[in-house]
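Trainee: Could we go through this model together, interface by interface?
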Amino acid sequence: FELLFHSRDSVKMAAGQQWVLVEMVQAFYEAPAYHLILEGILILWIIRLLFSKTYKLQERSDLTEKEKEELIEEWQPEPLVPLVSKDHPSLNYDVVTGPPSHRIIVNGKECINFASFNFLGLLDSERVKLKALSSLKKYGVGTCGPRGFYGTFDVHLELEERLAKFMRTEEAIIYSYGFATIASAIPAYSKRGDIVFVDEAACFSIQKGLQASRSFVKYFKHNDMEDLERLLKEQEIEDQKNPRKARVIRRFIVVEGLYINTADICPLPELVKLKYKYKVRIFLEESMSFGVLGEHGRGVTEHFGVNIDDIDLISANMENALASIGGFCCGRSFVIDHQRLSGQGYCFSASLPPMLASAAIEALNIMEEDPGIFRVLQDKCKHMHKALQGTPGLKTVGEPLTPALHLQLENSTGSRTNDLKLLRAIVDYSLDRQIALTLARYLDKEERFLPPPSIRVVVTVEQTQEEMEKAAQCIREAAVKILK
Amino acid sequence: RSFPNQSSLTQRELHFDRELAKHRITAWSVCIFTSYSSFPPQNHHASCTLLYKKPFVESFEETPLLVAVLTYMGYGILTIFGYLRDFLRDWKFEKCHLAREREEQKDFVPLYQDFENFYTRNLYMRIRDNWNRPICSVPGAKMDLVERVTPDYNWTFEHTGNVLKDVINMGSYNYLGFAENTGTCADAASECTVKYGVGVSSTRQEIGNLDKHEELEKLVAGFLGVESSMAFGMGFATNSMNIPALTGKGCLILSDELNHASLVLGARLSGSTIRVFKHNNMQSLEKLLRDAIVHGQPRTHRPWKKILILVEGIYSMEGSIVRLPEVIALKKKYEAYLYLDEAHSIGALGPRGRGVVDYFGLDPSDVDIMMGTFTKSFGAAGGYIGGKKELIDYLRLHSHSAIHATSMSPPITQQIITSMKCIMGEDGTTLGQERLCQLSENTTYFRRRLHEMGFIIYGNNDSPVVPLMLYMPAKIGSVSRFMLKRNIGTVVVGFPATPIIESRARFCVSAAHTREMLDKALNAISEVGDLLQLKYSRKNRHGSEGTDCFSFLESHQD
């Protein structure tokens, strides 16, 4: 029956179509001539549009070849780089002759080093040197390849294992350049459309990582958890509007353990609370705090007694406390392993020279054997912080526990250049009196939030009480003399 | 897809050529093009015959159709199996070895989208044992590998404790053989370690500017024949942290489509507009240059502030050499700036090892920014930028690396100084020169033999980077494993480092390779090639078109 119905239906339809056709032909005959002409033109126009050459908007110009040549002739590019005046204050670097160790020769003057981030004094360690030498004897200097292509050495694997063990995490991954570590790690996870909440004082490599990730970046006021929570709440409201989209937008908080630009510590316990409340992942940059804070030098997590598994990714360089070269990331394998194929600085760069990896391993050995060293460093930091208090015209910026303090002018002259000149005069005065200091350098036009000019004062375990007193005294004298 | 068609040149181009001819009357060249695969045919300027002083032979033989079809089928089958296995894993029929999210964070937005890792999970994982092979010796002409076994199909590896001794190393970028643990370089580096230690713990602008760094920079400037230079701690970062200092908003970057990730990242970080031209295709580049100047910036039509061309000396995956004489001619004509990345070519090309500029016999001052790395030919680490004094002065102030990154380790610096002096002959010996000759001889020999065996190899005849085409994904793993069985370490690459159907093995010829080692490697390659049917080339081999070209060129060189 159904079949029958169908066939009858189709017969009816066919008849109907036939009728329509007849009607159309009739209408064609009856239509006025102008109507037909108009329709004919329209059809031709459509055909023309269909077959005309496609063009790019940009190329649509009616310029003749000659006019183009003239334009090319006329075009004057800007110079590749603007001219730099010969007496630019930062053009001529201070020259260090010999090793940058506790005793350092800067511009020909022998000084005590208060400027290199050699917090644990491992740069001069004979043990580290010997280990590096034996590694050099075995492997030579360079690796001649990226990790993927015969650039993975057994010492790299050993170092990764040791770092993971030291930090008590599942896995660690090493990079051949400290700067590239966090700058590669961030874009490995955070992509276009994702949201990153960042502290305003975040260091330059974090900023570059964010830029490379092309994510949506929201800055919160430095160490201000209320401001961060305000942003997180805003985002929560935003998410409720479009829950489907919210389900795929990854969110991260990126902070530093100990800020290099402000010398203070991030409020990690509060951050962890916010993490679970708003379901945001935390990336922690610990270049300044690794090997400095905590009873065993594990950094800011140990300092606050925060469970390291609550932090999604920790990154640090091996250039400060470890006094080698390179950087590492550590955390759970679920997170870290992803970088082995997605970390640009890991995949596309030659691996770390084995002798530098060996040096880092030996430095870790020393740190593990003698955890008292961190106590000593922390005491010295506190001492230096106290000694620098009350320097006339200069304020000490940073927490007592930080090994790299900033001295800023109490009263700015109003111009950055003049401020820098004054501070440089203090540095020069100290250099003449065997105290090596340095200005904190920034890229004035590139930093997201440019910190005020400052002198860096770095504390290391090698400095004696007297040397620190002497340095503080020297800075005080210089301040009195130069700042009046 | 044929030989350059000179009759198609326009009036204007001929005019341009004549102008160029005035400058370089003595120059001559023969351009021979075999067919192309993914590379579009380049209708070459007649000028190229005038710009080159010696033959410029580059070949990219077309992918045979059947091979292409089979390759796509291979990927199709792998994908279907991938889905099947994902399904099995979901239903717990197959054990899943993937690391899992913590329980506490299960309700977070997933860190990875499932599809993102499909390729890694189902394709890469099957042949993962061919990469990251740990080595435990100098990465010289021969190396020792740590033996690994996997109990779970490459998800994890265990070291057996055995060492695979004396594997011939065809993978490391050790072009001049300076990866050594004995000899003058190693001795100098040891001495430097004793004196300086390994770290610096500060940046160049603060207090990490050692006398060693200054010494190196002077030497590099002399080596390159430029006014001044600056050295950085990492080659990748030399690009990514310095390009942003050179260009910014309102500038245009013209970048070769096969440029290295570091150049791409640097260009992206700079905030400039980026346009991409076809690989080594001068017509594509010229068209972009003309359009850019004529039309200015998009929408506003303001003229571009400046135009920067980014090219590499040797392209590491193709083995091709940049058509530098033509690039320089274009750059001069359109007043663009040229950034030349010599990561692979410095030390490896040119009669004096000074890179691609030396190879073509050009003037280094015609290249605005000479960049290169110390990782490869010098057996060290890091990178440099060389150029006019104004450029380097500017970089000393504005390079991200000089201000925010720790400076180069002293023993690494020393290694570069010593090896560079050796290449320059400043050590009073001819050892450096001998290495250069050896490399060039090895390259010619190795490429010629592979060609004769009937493999499809890409790139320039003079390039020590030799890609050998495998095409099919299943052959990636098997080639590398079969070669290792024959005690030869090779690099294999597939998607995403190459176009999807153009998987390849890559050999890097070194001056440290003896003829015996090369022969051993070549025999093994031939054996594996027969076994896996890799001899795809359809060109005649002996007394063939190809060889004819060689003899023809040789007669001209005389």
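Mentor: What follows is a talk through the contact between the chains and then the domains inside each chain. This is a predicted model, in which local features need pLDDT of at least 70, side-chain atom pairs count only at pLDDT 80 or more, and totals for chains, interfaces and linings use all residues. Residues are numbered from 1 along each chain as its sequence is written, chains are lettered from A and ligands numbered from 1 in the order in which they are written, and side-chain values use heavy atoms, with hydrogens and water left out.

Trainee: OK, how many residues does the contact take from chain A and from chain B?
Mentor: Chain A contributes 116 residues and chain B contributes 122 residues, where contact means heavy atoms within 4.5 Å.

Trainee: And what area do chain A and chain B bury between them?
Mentor: About 10,300 Å² is buried between chain A and chain B, with 63% of it on carbon and sulfur atoms; buried area here is the accessible area (1.4 Å probe) that two parts lose on being put together, summed over both. On the chain A side, W75(A), Y93(A) and Y150(A) supply 10% of the area buried against chain B, more than any other three residues.

Trainee: How many salt bridges does the rule find across that interface of chain A and chain B?
Mentor: The rule finds seven salt bridges between chain A and chain B, each being a side-chain nitrogen of Lys or Arg within 4 Å of a carboxyl oxygen of Asp or Glu. The side chains of D310(A) and R102(B) also meet in a salt bridge, at 3.3 Å from N to O.

Trainee: Which helix gives the largest share of the side of chain A that touches chain B?
Mentor: That is helix 4 of chain A, residues 126-139, with seven residues; helices (H or I, at least four residues) and strands (E, at least two) are DSSP runs, numbered from the N terminus. By class, the side of chain A that touches chain B has 62 nonpolar, 26 polar and 28 charged residues.

Trainee: Switching topic, where are the domains of chain A?
Mentor: Domain 1 of chain A covers 92-122 + 371-483 and domain 2 covers 141-369, with bounds that come from an automatic or database domain assignment. Taken over C-alpha atoms, the centres of these two domains of chain A are separated by 27 Å, and the domains bury about 2,400 Å² between them, 65% of it on carbon and sulfur atoms.

Trainee: Which side chains meet in a salt bridge there?
Mentor: Across the interface of domain 1 and domain 2 of chain A the rule finds one salt bridge, and the side chains of E446(A) and K208(A) meet in a salt bridge at 3.9 Å, N to O. Helix 17 (372-388) and strand 12 (404-409) of chain A are the elements that give two or more residues to the side of domain 1 that touches domain 2.

Trainee: What about chain B, how is it divided?
Mentor: Chain B has domain 1 (128-176 + 431-532) and domain 2 (184-424), whose centres, taken over C-alpha atoms, are separated by 28 Å. Between these domains of chain B the buried area is about 1,700 Å², of which carbon and sulfur atoms give 60%.

Trainee: Which residue forms a salt bridge with R504(B)?
Mentor: The partner is E318(B), with the closest N and O atoms 3.0 Å apart.

Terms used: Nonpolar A, V, L, I, M, F, W, Y, C, P; charged D, E, K, R; others polar.
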